[in-house]
Amino acid sequence: MNDAGTLALAALGLPLCAFVLLAVVAPLRRAGKAAGALGIAAIGGALVAALVLWRSGQGVELAWSWLPAEGGPMATVGILVDPVAAVMLVLVALVSFLVQLYSLGYLEHETGPALGRYYAYHSLFAVSMIGLVLAGNFLQMFIFWELVGLCSYLLIGFWYDKPEAARAAVKAFWTTKVGDLGFIIGIVLLWGRAGTFTFSELFKMAGDGTLAPDGLGLVMFLIYLGAVGKSAQFPLHVWLPDAMEGPTPVSALIHAATMVAAGVYLVTRAYPLFLLTPDVLALIGWVGAFTALLAAVLGLVQADIKRVLAYSTVSQLGYMMAALGAGALGAGFFHLLTHGLFKALLFLGAGAVIHAVGTNDVWRMGRLGGAMPQTAIVFLVGTLALAGIWPLAGFFSKDAVLAGVWEGGLTVPFLMLALTVFLTAFYMFRVVFLVFFGAGRAEGHPHDPPVSMSLPLWTLAGLTVGVGGYFALRGGGQEGHGPGWIPWVSSALAVAGIVCAWVTYQKQAVSAETLARIFAPLYTAAQRKFWLDDFYGAVYRGGFLALSRLVGWVDRYLVDGLVNWASAWTLRVGDRLRRIQTGRAQDYLYGVAFGLLLVIVWSYWP
Amino acid sequence: MGLQPYLLLAACLFAIGLFGVLTRRNAIGILLGIELMLNAVNVNLVAFARYAADPAGLIFALFTISITVAEVALGLAIVILIFRVRRTVEADRLDLLKG
Amino acid sequence: MDLNVWILSLITWMPFVGALLIMFTARHRPRAVRLIAAVATGISLLLSLVAYARFDGDVDAARFQFYQKVALVPPLGISYEVGADGIGLVLVLLTAIIIFAGVFASWTVETRSQEFYALLLVLVTGVFGVFVSLDLFVFFLFYELAVLPMYLLIGIWGSSAQIRPRGLFGWAMRETGVGSKEYAAMKLTLYLLLGSAFILVGILALYMAAGGASFSFLEMEGVAFDPVLQRWVFLLFYVGFGILAGIWPLHTWSPDGHASAPTAVSMLHAGVLMKLGAYGVVRLGMGLLPEGTHDWVPLVGTIATINIVYGALSAMAQTDLKYVIAYSSVSHMGIVLLGAATLTEAGLNGSVFQMFAHGIMTGLFFALVGLVYEKAHSREIFRMGGFGRMMPGIATAFTIGGLSSLGLPATAGFVAEFLTFLGAWRSAHSWWLFPAVAGTFLTAIYVLRVVKQIFWGAVPAGGEFHDLPDARGPEWVALVLLIFVIVLFGVAPGIALGPIDTATVPLLARLGALP
């Protein structure tokens, strides 16, 4: 095992130790703050390991037997470090570290045991996410994939006595599980063809043509379904907005920066295989672009600041997927990284606001820019990055995505994404104007957060600016090879969106109600979330629950009923036969005599 | 005279006894019917003994007679006990074996 | 005394000795009763760990290790012959864990605790005996010993449920008294005895066909039985053992029985006894009748998929917590039989692993349901709510059990299900994969629904559930042990798969099912 292996194992092992300690040592967990310190220290160590690993640029692949079988293990567990994994590892460790630090301030009013539980979940999440990033085969990826889903479930339901939180947690688990069904079937099918789960072996087979391409489309589509669920692509995006019932730092970490990006990471990881199936890739592109547009439309009508951010996350995940589908692997992954930074920033900023005013409703906030200037500045940085304004990180990655999609020949998706650029700027600045400017509607005395919360904010803001500045100085993004007009168009659209939001929500020259009336059918549909949630609810109640009730009835009253019927008839017939036993000796003698007669007749029968 | 008339007589006796056992409602009457059936057997035994010139049948008949006596004594005793307990010897009422 | 020879007998008879001690020395001393039970089962557990450690994992080593043979009735070829291969070893360990946990989980049984524990221990001796016997006659004796005490255990210490019979056969259900513990005990016993009748006929048929000289499994293995006989006898074994394994549509004893049984008995019954059925199909059916196996495997696998989906849907429809868990057992036993029916290395390994994994998690479930019932005096799911705040420990344990049940990775359930999926896809009937995967989704629905309803949300108004206590001392022993095993075998499945593989590979080779 070389240095890279040790470092990767350290990154994985430190949070694992923290989790095991917190899970097993109850007093430590109940101590709350101490548990938090342990979790933060562990993830901090992991961050250092990840950074060193990333800077060293070393790659490594390790594997140990996991499922033994005759003639070599059926499956292995191990570690695969390559440039993609290394940089993703840094992102995960960094955001996890900052979020855990931030949570210490955000959740200061929680009881000790609750806080301990929170940090135990967070450590488990860190282990799972790092394990997912470092996975060297599909099976291991699936294992950690499910574990991050578990952490998401547990953390959404952190305030488990809140009925909405409980419902949202379960909904998130079920919805992503639908995608995971496809994922696991895909893995099994792929194993049936190739006999291995390991990426490197599969890629080798894909490269030299030993993996037959016919029928592979279905397999890769099934695997992609896993990404649809986890990365909240249409039509399985419905869980992500509801997931905002969890604490805000959780939304920042899991439902914005890292876990939801796992789907994009999966497609990135398995890209050599997806390249064999161009149809599936095109589908990924189309679905991604459609998701981006749909979520942007939904984001326009939300009153809950976190839900706006959630829909924007769905929308940006659509961008990433669209880029991957168009063949722009680097662009999609680049957007994943920058989005991880500025979306975490936005969520943590929103958390600071919510922490200060005690509500999620943007209509009950306003003029907070004066009361909490630091938060306003970092939030504005994040918003500008998300809108795609030069020279912030989002500008370069978004341009790379747009260029990639255009180059990939997906014209209609490109138009959808371009429209989304406008909508994104509009709904984000709607939030900015409503929350930080405009009329003062907030109650109480909002103020900037304590240092444990503002430090992560400034770090992320600095990174957002720094990454953008780095590319601005270098003159362009990683894959800025598209036509020269794309940056201009996208910037113009973004600025147009900002101006529209300013006109509508700051100047109030156009009333929002009028806009709603003009787009009435669309507005209603967006309010109803395009009836998708209603549809799933109907499927759940009318499909699963009704079917289960039917089966339950059949089991109790037909299958078991038949058993009881047989048993009851046995009892009844026995009851009838009992009457032969009159108890009178003479009746029995009749029987004897009759029997004797029968014997005689039988023996003398001709 | 051949064997046949004796056997016919015994069969008649047996049938009459069986009829008595089956139809009598009084326990004493049933016991009498049983006596008749046993005696039908005795007639058969004696007839065959004579016919086959084998004294074993006679010995059997003697045994049967003595056992019959014992049986009647026992049967009557039971009937008396039943009468003491149930205040009746009507066979229809004695249905303790009823299932 | 060579430990390697005696170890299986010691494991098997230790609970029996404990039962005798309880009956003769511990009258009116409930603490002594529990202590003896804990020590006896603890020794069995320790010894099975020792056996596990001493097991020679080399595939070429003797398949049945720790072999011991004592002639009992030489003229008929009956002998006390024990030995364990990888499958038996894992199941012996499972039994030892479950009964040890079960003793602690039912620490609070008050009525006639002396007889309760004695019967429980006798039953366990029967279970151990089945897993280690290599003589079919003795196998059958142990089998009956494992089945019969159940009647008393449920009939005396059980609890009744309220079921209002309706529908087509409502009158019949009223007449038979559905829902009462006496009904459940009788139903379970009748069903299982019916199964035993099939098994006995099958065993005798093989004995006669093999020449009537020996009941030894090892000798019968060498006999090539007539294919027609094989076909019939496999069906007998499948139905006979299948009843105990809960195959559809002969499964309905299981929900009623498990719901009515006291905690430790449900644990043992769903956790271990149902595995006896599956073990019988694999060991006797597949082990002795290769051609019969090939004839019937399509049916076995198809019914197993019905079990998976149907059991899960039925579980979803229940409102009584114990019934939910009982139906989930029906569903999970489908995975066991499906894995076996695939006739692939992955599938059969998954099947045996699922026997173990399901045994542990269902044991955990029934222990928890028992605890919840003991504290809240309710099993009605939709009347409970918000228990997580009052009993965080129980809530955590229940969640872990549930996650294992829905096949979440890093729990034992995932390994078993995943292996079965692989096997199903590689088998001759690859469509089996889809109902099996669908089953995991349905499981996710009903398990999380139950968790959410009982432990999450707010406590229902009315003050009925006020200040419920969490689990206490001895109960924690059971919970922690079972959770530890679930996670350990989920993270490092090789511990169990190594020995299992040494047994399944020769079995599949005999079936001609290895590539």
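This is a predicted model: local features need pLDDT of at least 70, side-chain atom pairs count only at pLDDT 80 or more; totals for chains, interfaces and linings use all residues.
Helices, as the word is used here, are DSSP runs of at least four residues, numbered from the N terminus. Leaving aside its neighbours within four places in sequence, F173(A) is in contact with G149(A) and Y153(A) from its own chain, and with A444(C) and L448(C) from chain C. F173(A) also lies 10.0 Å from A243(A), C-alpha to C-alpha, although the two residues are 70 apart in sequence.

Of the 2 pairs of chains in contact, chains A and C share the most contacts, and their meeting takes 46 residues from chain C and 46 residues from chain A. On the side of chain C that touches chain A, the elements that give two or more residues are α7 (170-176), α13 (290-317), α15 (345-376), α16 (387-390), α18 (412-426), α19 (433-455) and α21 (494-510) of chain C. The largest share of that side, 7 residues, comes from α19(C). By class, the side of chain C that touches chain A has 29 nonpolar, 10 polar and 7 charged residues.

Chain B meets chain A through 11 residues of chain B and 10 residues of chain A. Helix α26 (residues 585-604) of chain A supplies 5 residues, the largest share of the side of chain A that touches chain B, and that side divides by class into 4 nonpolar, 4 polar and 2 charged residues. No contact joins chain B and chain C, and their closest C-alpha atoms lie 20 Å apart.

Chain A itself has 26 helices and 2 strands, and its C-alpha atoms fill a box of roughly 120 × 60 × 55 Å, taken along the principal axes. Buried residues make up 56% of the 606 residues in chain A, and among the contacts in this chain with a separation of 6 or more, 82% join residues 24 or more positions apart.

One pair of helices in chain A can be followed residue by residue. The axes of helix α3 (residues 33-56) and helix α4 (residues 83-106) of chain A come within 8 Å and cross at roughly 155°, and because angles over 145 degrees count as roughly antiparallel, α3(A) and α4(A) are roughly antiparallel to each other. The crossing of α3(A) with α4(A) is left-handed. The residues that meet include I40(A), I43(A), L47(A) and W54(A) in α3(A) and L89(A), V90(A), F97(A) and L101(A) in α4(A), and the contact as a whole divides into 17 nonpolar, 5 polar and no charged residues.

The axes of α15(C) and α18(C) come within 7 Å and cross at roughly 155°, which makes α15(C) roughly antiparallel to α18(C). This crossing, too, is left-handed. Among the residues that make the contact are F353(C), F356(C) and I360(C) of α15(C) and V415(C), L419(C) and L422(C) of α18(C); by class, the contact has 13 nonpolar, 8 polar and 1 charged residues.

Some details of the backbone deserve a look, because most residues other than glycine have a negative phi, and most peptide bonds are trans. The peptide bond from F234(A) to P235(A) is cis, with omega near 5°, and P235(A) is found in the loop between α9 (216-230) and α10 (239-242) of chain A. A232(A) lies in the loop between α9 and α10 of chain A as well, and has a positive phi of about 55° although it is not a glycine; with 30 C-beta neighbours inside 10 Å, A232(A) counts as buried. W531(A), in the loop between α24 (520-527) and α25 (532-578) of chain A, also has a positive phi, near 60°, but with 11 C-beta neighbours inside 10 Å W531(A) counts as exposed. In chain C, a cis peptide bond with omega of about -5° joins W248(C) and P249(C).

As for confidence, the model scores ipTM 0.90 and pTM 0.89. Chain A averages a pLDDT of 86, with 97% of the residues scoring at least 70, and chain C averages 88, with 98% of the residues scoring at least 70.

Methods. Residues are numbered from 1 along each chain as its sequence is written. Chains are lettered from A and ligands numbered from 1 in the order in which they are written. Two residues are in contact if their C-beta atoms, placed from the backbone, lie within 7 Å. Ala, Val, Leu, Ile, Met, Phe, Trp, Tyr, Cys and Pro count as nonpolar, Asp, Glu, Lys and Arg as charged, and the others, Gly among them, as polar. Axes are lines fitted to C-alpha atoms, for helices over the stretch in contact, and angles run from 0 to 180 degrees between N-to-C directions. Angles under 35 degrees count as roughly parallel, over 145 as roughly antiparallel, 65 to 115 as roughly perpendicular and the rest as oblique. A crossing is left-handed if the near helix is turned anticlockwise from the far one by less than a right angle, and right-handed if clockwise. pLDDT is the predictor's confidence in each residue, from 0 to 100. A residue is buried if 20 or more other C-beta atoms lie within 10 Å of its own, exposed if 12 or fewer, and partly exposed in between; C-beta atoms are placed from the backbone.
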